[in-house]
Amino acid sequence: MAQPSTAAQLIVVDAVNKTFRVPEERTHTLKERALHPLRRTRNQSFPALKDISFDVRRGEFFGIAGRNGSGKSTLLKCLAGIYGVDSGRIWMHGRLSPFIELGVGFNADLAARDNVVLNGIMMGLSPREARARYDAVIDFAELREFEELKLKNYSSGMYVRLAFSVAIQVDADILLVDEVLAVGDAAFAQKCFDVFTRMRDEGRTIVFVTHDMASLNRFCHRALLLEKGHVVHLGEPHEVADRYLEINFGRDPEAAGAAEDRGGDGEARVLEAWIEDEHGVRQTSLPQGQRITLRALVNFTVDVDDPVASVYVLNEDHVAVIVATTAQENERSGHYAAGENAQFSFSFENVLAPGRYNPLFTLAHRGTGLDLMDRFEGAFSFVVTGPGALGGLVDIPVDVSAVRNPSATSQKVGA
Amino acid sequence: MSSEAAPYDGLGRPIKGPRALTDDWSRFWHLTYNIARNEFKLRFFGSALGYVWQLMRPLLLFGVLYVFFVLIFKVDKGKGAAGHFYGAQLLGSIVLFTFFSEATAGAVRSVVDRENLVRKIQFPRMVIPMSIVLVALFNLSLNLVVVMLFAVIAGVQPMLTWLELPLIVGVLTVFATGIAMLLSALFVSFRDIQPIWDVFSQVLFYASPVIIPVETVKEKLAYGKLHVYVSNGVVHHYYTDVLLYHVLYRIYLLNPLVVVFQQFRHAMINHAVLNAGQVLGSWLALLEPLGVVVGVFALGFWVFNRSAPLVAENL
C-alpha cells in the first residue's frame, strides 16, 4: 500500500489493475456484425498490471524495471493517461511530460518550427510559450543550420535530437521517460544523460522505465521491479537490479550444449565447464568482490604434450573482459595420455561490472595457442550482481583524492 | 467509500484515463487549431500550384455539370426568375457539398491514421475529427470567396441576406461534425465504414439540391404521381400514389443538406429561389431537418465519447 498522503507525494498509485481484452476472432466489418448480430465474440484477457501500488515523492528519480512484457510500458501509459485503468486510482500532481516516444505527432513535410510548436502544445504548453521556447529547442538540438529543412530530409539522429530537445524544454514537473536514452550518437547520448542528471539535481521528479540496470543504478533514488504485472520488489536501485538479473538470467538453466561449431581438430574436448563461488559451490549468479573460479573438465582423445588451455570471459557485447591461459603461469602443462581427463581452473577476484557473461574456453597445442584442439563457446553464462555499475568494464578499487590548490612542485610538466 | 478514500484526502482527484474532451478548453482549441493549420499549410504550400489544386475539384465538377445541365439540358430555363444566376447557384451548392464531403470522408480514417499520436500521448481525442472539420472549413472560406466573386461578376447585387451566411455554414458544420465524430469512431472497429460512407455520400449528393433543384423535386413528388391525358381537346391531369409520394417528399426534406443548400441559394444568390421555409411549407417545419442535425450530432458525440477511452487499446 502507498503511504498516507503527504504534500511531497507527486504521484500516488493505489491498487491499480489493468487487463487487456483481445477478441479471439475480431470482427472487422459492419457486414460481419450485421450478418451475425447474436454471435458473441469471446475475449481473451491479458492482465497487464495486477494490484500495483507505489508513490513517487517530489524530487525523486524513480525507476521502473522489468523485462519485455512485464507491464512496465503499460504502467507508464497508465501514468501518462493514455490507457485508462480498470480499477484503482492514480494521482498526479504537476505538469507531466511524457517521453513515451520521441517526436510524436511530428509531420515530416513540415519544417522544424511548425513541428516544435505543435509538439510543445501537445505536451501542454500554450502556443505563446511553445513559440518562445523554439530558439532554446533548436540550439539544444544543435540544428540551427537545418531549421528551414523539412523533417523528412533530416537524418534519424537529427530527428531524435529535435524531438528530445522539445520534450526537455517543456519544463514539466514530472517526466515520464521510456528508454529513450539510447538514441542519437554518443555525444548526444551523453548530453541526454547530463540533462537527466541536471534535472535530478534540480529536484525534478522523473519516472524512468528501463531494462538497463547500469542506468537504473546510476540515476535512480528508488526503483520498482515488475514481473508479469506484479510488483516484485520496491526499494533501493541496486536491490532491484540484483533481483532483476536474478530473475532474468540466474534461473535460466541456459546450459546449451553448444556442440555445433566447436572448431579445432578434436584431439581434446571440453566436456563440461562451470563457475564456482568462493565456497566451491557451482553458481550462475555471483556477487561482485568474491573470489570466483572458472573450471573446465577436458578429455584428451590422443596423447598431448603441454596443451594450452585458455578462457575468455566475454561480456554481452562480446568483448573479452578477462583472458587467462595456462601458458601464462607454467610454460609446460605436462603430458596427457589418450583417454585421460583433466580439469583446468582459473581463479580470480570478481571485479567484473554487473551484467551477464559468457566464458569461452579454448584448448590448443603447445606453442602459440592458435593451433586449436577445441573451442567451447556459449557453454553457460553467469551473472554478476553488484551495486556499482559506473559504466566501466570492470570495477577495480581506485584511490581517489582531490587536492585544493596543488603546489607548483606537483605540476611538473614534461621534461 | 469515504473510509476507503481517507488516506488519500488532500490528494485531490485521481487522474482520468483518456477521454474525448477535456477540462482545459484552451488547450483543446490550440491543439485543434494548430493541427488544422499545419494540415492546411501543407496542402496550400505543399505543391507548386498549392491552393489552385484545392479549388480545382469543385471547379472541375462545376464545369462538367454546367456544360451538361445548363448548356445542353438547360435546366435553368422555364423556371422563371428562379433560374437566374443558375451557374452561381450550382457553384455555391457544389462548394458547400465539397466542404461536407471533405469533412466527413476525411474524418473516417482520421483516428486510425493518427494511431501513433493516439497511442503515445494523452490529449483529448475529439481534437482529431474536429481538426479535420476545421481544415475543411478553412477551404470552404476560400472557396466561398470564389463563389461570391463569381456571383458578383455574373450580376448578383449585394443583399442584406448575405448576413445569413454564418448561420447557414454553422448548421452545415454542426451536421458535418456530428457525422465526422460518428464515422471516425466507428471506423476503429468497422473498417468497411469507408466504402459504405462513399456510397452514402454519393446518394446524399444526388438527394441534395446541387444538380436537381428543389423546385423540380417538389413538382414531381409533392402532390403525387402525375397522370396527364387529353380528352375532347382538353388537357386533364390527376394524381395517384399521393401518400407514397408525399412520404418520399418528406423524407427528402429531412436531409438537412436540402434546406441548407436551398437557403444558401435563396439568401446569397437569388431571392426568387424558394427559401427553406417555403420548401418545407412553414418555418416551423424547419424543426424537422434541424432535429436531424441535432440528433446526428448527439449520436456522433455519444459514440465518439464512449469509444474514446478505449481507442488507444483497440487500434
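Residues 24 or more positions apart account for 72% of the contacts in chain A with a separation of 6 or more. In chain B, 80% of the contacts between residues at least 6 apart in sequence join residues at least 24 apart. The model is predicted. Chain A has 10 helices and 20 strands, whereas chain B has 15 helices and two strands.

**Chains overall**

- Chain A has 415 residues, and 37% of them count as buried.
- Chain B has 315 residues, of which 36% count as buried.
- The C-alpha trace of chain B spans about 95 × 50 × 40 Å along its principal axes.

**Contact between chains A and B**

- Chain A puts 36 residues into the contact, and chain B puts in 33 residues.
- On the chain A side, the elements giving two or more residues are strand S1 (9–23), helix H1 (30–35), strand S4 (87–92) and helix H3 (112–122).
- H3(A) gives the largest share of that side, five residues.
- By residue class, the chain A side divides into 20 nonpolar, nine polar and seven charged.

**Domains of chain A**

- The domain assignment gives domain 1 (9–249) and domain 2 (268–385) of chain A.
- Their C-alpha centres lie 43 Å apart.
- Six residues of domain 1 are in contact with six residues of domain 2.
- On the domain 1 side, helix H9 (residues 237–250) of chain A supplies the largest share, five residues.
- That side divides into four nonpolar, no polar and two charged residues.

**A:Val209**

- A:Val209 lies in strand S7 (residues 205–210) of chain A.
- Is A:Val209 buried or exposed? A:Val209 has 24 other C-beta atoms within 10 Å, so it is buried; the cut-off for buried is 20 or more.
- Beyond its neighbours within four places in sequence, A:Val209 is in contact with A:Ile64, A:Lys72, A:Ser73, A:Leu76, A:Val177, A:Asp178 and A:Glu179.
- A:Glu227 is 18 residues from A:Val209 along the chain, and their C-alpha atoms are separated by 13 Å.

- Strand S14 (residues 308–314) and strand S15 (residues 320–325) of chain A pair in the antiparallel sense over five bridges.
- S14(A) and S15(A) form a hairpin with five residues between them. In the turn, A:His318 has a positive phi of about 60°.
- S14(A) is also joined to S18(A) by seven bridges, and these two run antiparallel.
- A:Val313 stands opposite A:Ile322 in S15(A). A:Val313 also stands opposite A:Pro359 in S18(A).
- Strand S18 (residues 355–364) of chain A is mostly covered, with eight of its 10 residues buried.
- Another is strand S19 (residues 372–376) of chain A, antiparallel and joined by four bridges.
- A:Arg356 stands opposite A:Val383 in S20(A). A:Leu363 has A:Asp374 in S19(A) as its bridge partner.

**Helix H3 of chain B**

- Helix H3 (residues 51–72) of chain B has 22 residues. At 1.5 Å a residue it should span 32 Å, and its end C-alpha atoms are 30 Å apart, which agrees.
- Where does H3(B) bend? The bend is about 35° at B:Arg57, and a proline, B:Pro58, follows within four residues.
- B:Gln54, B:Pro58 and B:Phe62 are buried in H3(B).
- An α-helix has 3.6 residues a turn, so residues three or four places apart point the same way.
- The buried residues of H3(B) pack against helix H2 (25–45), helix H4 (86–108) and helix H7 (127–154) of chain B.
- After H3(B) comes B:Lys74, with a positive phi near 50°.

**Helix H12 of chain B**

- Helix H12 (residues 256–269) of chain B has 14 residues. From first C-alpha to last, H12(B) reaches 19 Å, close to the 20 Å expected at 1.5 Å a residue.
- Why is H12(B) described as largely enclosed by the rest of the structure? The reason is burial, because 14 of the 14 residues of H12(B) are buried.

Technical notes. Residues numbered from 1 in each chain as written. Chains lettered and ligands numbered in written order. Predicted model: local features only at pLDDT ≥ 70, side-chain atom pairs only at ≥ 80, totals over all residues. Contact = placed C-beta atoms within 7 Å. Nonpolar A, V, L, I, M, F, W, Y, C, P; charged D, E, K, R; others polar. Domains from an automatic or database assignment. Buried ≥ 20, exposed ≤ 12 C-beta atoms within 10 Å, placed from the backbone. Expected span 1.5 Å × (residues − 1). Bend = angle between axes of the 7 residues up to and from the residue. Pairing = 2+ DSSP bridges.
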